[in-house]
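The following exercises concern the structure shown below.

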Amino acid sequence: METTYTPKKNMYLLFAVLVIIGIIATITGFTTDTERTWSNILLNNYYFITLAIGATLFYSIQYITNSGWSALIQRIPMALGAFLPIGAVLMFLMYFGLPQVYEWAQPEITETDKLIAHKEPFLNVPFFMIRIVIYFALFLSVALVLRKYAKLEDENADIKYHQKSRYYAQVYIFIAAIFFSFASKDWIMTIDSHWYSTLFGFRNMVLSMYYGSAAIILMILFLRSQGYFAKVNDAHFHDLARYIFRFSIVFGYLWFMQFLILWYANIPELTVYYYPRFIGDWQPMFYAELFINFVIPFVVMISDELGKKPKVLLGISTLLMIGLWISIYVQIMPGAYGPMKFGFIEIGMWLGYAGLFLGATFMALSKFSLVPKNHPFLEESLHHHI
Amino acid sequence: MAYKHIIAKFKDETVLLKALTILQEHKVNLVDIYGPFATHDILKKFTRESKLPYAAIIYGLISITAIFGLMYYTSVIDYPINYGGKPYFSFPPMVVIMFLVTILGTTILSVLTFHGRSMVFPGKPTQTINPDVTDDTFYLVVDQNYNPEEIKVWLKESGADEVFEKEL
């Protein structure tokens, strides 16, 4: 069994090329349409932070539930969290583009807009930046502690480090769940600063795990194609497929609940958010979001036999990566930018961020033993069957 | 509805597994296995196709069409009322009811089908092979299809503690 991951040299070259494409796209964006570029930076920051938070939440859930089956693949969600420090820096750079994206950050808007003036004690630029620092300080401090104990567990076989990991996983689950839902309200919901939804933060936090598990599946399938993880069997895929299937139902439920209540109440301040999406130009994207994230995974995964086939999982997980992009695109762009535009800027910047994300992930993966050596549940996971 | 079955008693599940393999090699029609706990290998070897999921899908489709038809009939054709300027036929509020009635209809009809098919209903006298089936013994029930004497010999050779016939 392969225990350490040695990445190929060409892979980092590929990631570097992707990042260069991203930089070119960003420069083209800034020379043609700065507002669209800043919106895209926010979109991609949020996209990859969602994946990182979702994967680390998955990691902590395995600890607090004492899950035996996942011990074999535990290094993957931990490595996917390696984007968080980069995400923190990139999110902080949003400081320079705040007025381009957020209505409330524009100078002197409080004089004309009474509602924003009312919300000003919370929605102002210094406090917004302070909150970003607080969120990332909390996420990173606990995530790094979890990383440290995983490393220590590999080096010395001692149950103490597992118990420590378990304790900090409980802390992390609270911090990530509460503060990521705040963060998504802060970063995404305040774009439409007159509108609010009490479900918004919860929805984005829970769904981060949906896409996080899809990313984990993609990583496992990639590493299997490289000859690692030969011990990952049908039962592991079955368990991962169940994550996808259940979260697809959660997606459908939360998507519809947020919509139904606002549709039914018909209050002008609240329907203003759904007007461009449900009736206006964004209608195709609005329905595409539902179909890609809910209908297709749900219908395909409903069959137990079909759902756990690696090829089906590959297709669905890839689809979900597109689905997450569309989901965030529909949430950000109508408020931050306006017209629906899709071109080189969107694709190029996503590729650039993907290069950064994958680079960070594979770098983190190669620093650790690929399979946790002294995990108490490793033996159970190696022989996992349902 | 009672047929004679050949029943073999086992104290050890590994012996039962051996007998199961031998009987399956000879393509004997197995009816059921009773045991005090679930054994993975037995579950893997002794799989039975159930058509209940397909019936459930059909029940689900029937329920969803029926409830949609009812809501459409009441709110559009028979008694249209204007609620807050919404169109008579508006889909979003129907979704929740359709979802719930589909689950309800599918569940009730599936339960009735299952009970009807396996002849289980309230008040039916219990049919146990032997009281110790709830204790620590495994029972393998075989249909008396073609060569009952040969089946008995196979079961005895594989190490069954006891082989007998009973009407079930």
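**Exercise 1. A salt bridge**

With which residue does A:Asp239 form a salt bridge, and how far apart are the closest N and O atoms?

*Solution.* The model examined here is a predicted one. Step 1: the partner of A:Asp239 is A:Arg242. Step 2: the closest N and O atoms of this pair are 2.5 Å apart; the cut-off for a salt bridge is 4 Å. Step 3: both A:Asp239 and A:Arg242 belong to helix α11 of chain A, which covers residues 234-265. They are 3 residues apart, about one turn of the helix. Step 4: over all chains, the count of salt bridges comes to 12.

**Exercise 2. The contact between the chains**

Determine how many residues each chain brings to the contact, and describe the area that is buried.

*Solution.* Step 1: chain A contributes 9 residues and chain B contributes 9 residues. Step 2: about 780 Å² is buried between chain A and chain B, and 75% of this area lies on carbon and sulfur atoms. Step 3: on the side of chain A, the residues that lose the most area to chain B are A:Phe256, A:Trp263 and A:His385, which together account for 59% of what that side buries. Step 4: the residues of chain A that touch chain B comprise 7 nonpolar and 2 polar ones, with no charged residue. Step 5: the count of salt bridges between chain A and chain B is 0. Polar contacts between the two chains number 3 residue pairs, with both residues at pLDDT 80 or more.

**Exercise 3. The dimensions of chain A**

*Solution.* Step 3: along the principal axes, the C-alpha atoms of chain A fill a box of roughly 65 × 40 × 40 Å.

**Exercise 4. The architecture of chain B**

Give the order of the elements in chain B and the residue ranges of its domains.

*Solution.* Step 1: chain B contains 5 helices and 4 strands. Step 2: from the N terminus on, their order is β-α-β-α-α-α-β-α-β. Step 3: domain 1 of chain B consists of 4-49 + 129-167, and domain 2 of 52-117. Step 4: the centres of these two domains, taken over C-alpha atoms, are separated by 44 Å. Step 5: the radius of gyration of chain B is 25 Å, whereas a compact globule of 168 residues would have one near 15 Å. Step 6: the C-alpha trace of chain B spans about 80 × 30 × 30 Å along its principal axes.

Note on methods. Residues numbered from 1 in each chain as written. Chains lettered and ligands numbered in written order. Predicted model: local features only at pLDDT ≥ 70, side-chain atom pairs only at ≥ 80, totals over all residues. Heavy atoms only, no water. Contact = heavy atoms within 4.5 Å. Buried area = accessible area lost by both parts, 1.4 Å probe. Salt bridge = Lys/Arg side-chain N within 4 Å of Asp/Glu carboxyl O. Polar contact = N/O pair within 3.5 Å; in protein donor to acceptor, adjacent residues only side chain to side chain. Nonpolar A, V, L, I, M, F, W, Y, C, P; charged D, E, K, R; others polar. Domains from an automatic or database assignment. Helix = DSSP H or I, 4+ residues; strand = E, 2+ residues; numbered from the N terminus. Rg over C-alpha atoms; globule rule 2.2 N^0.38 Å.
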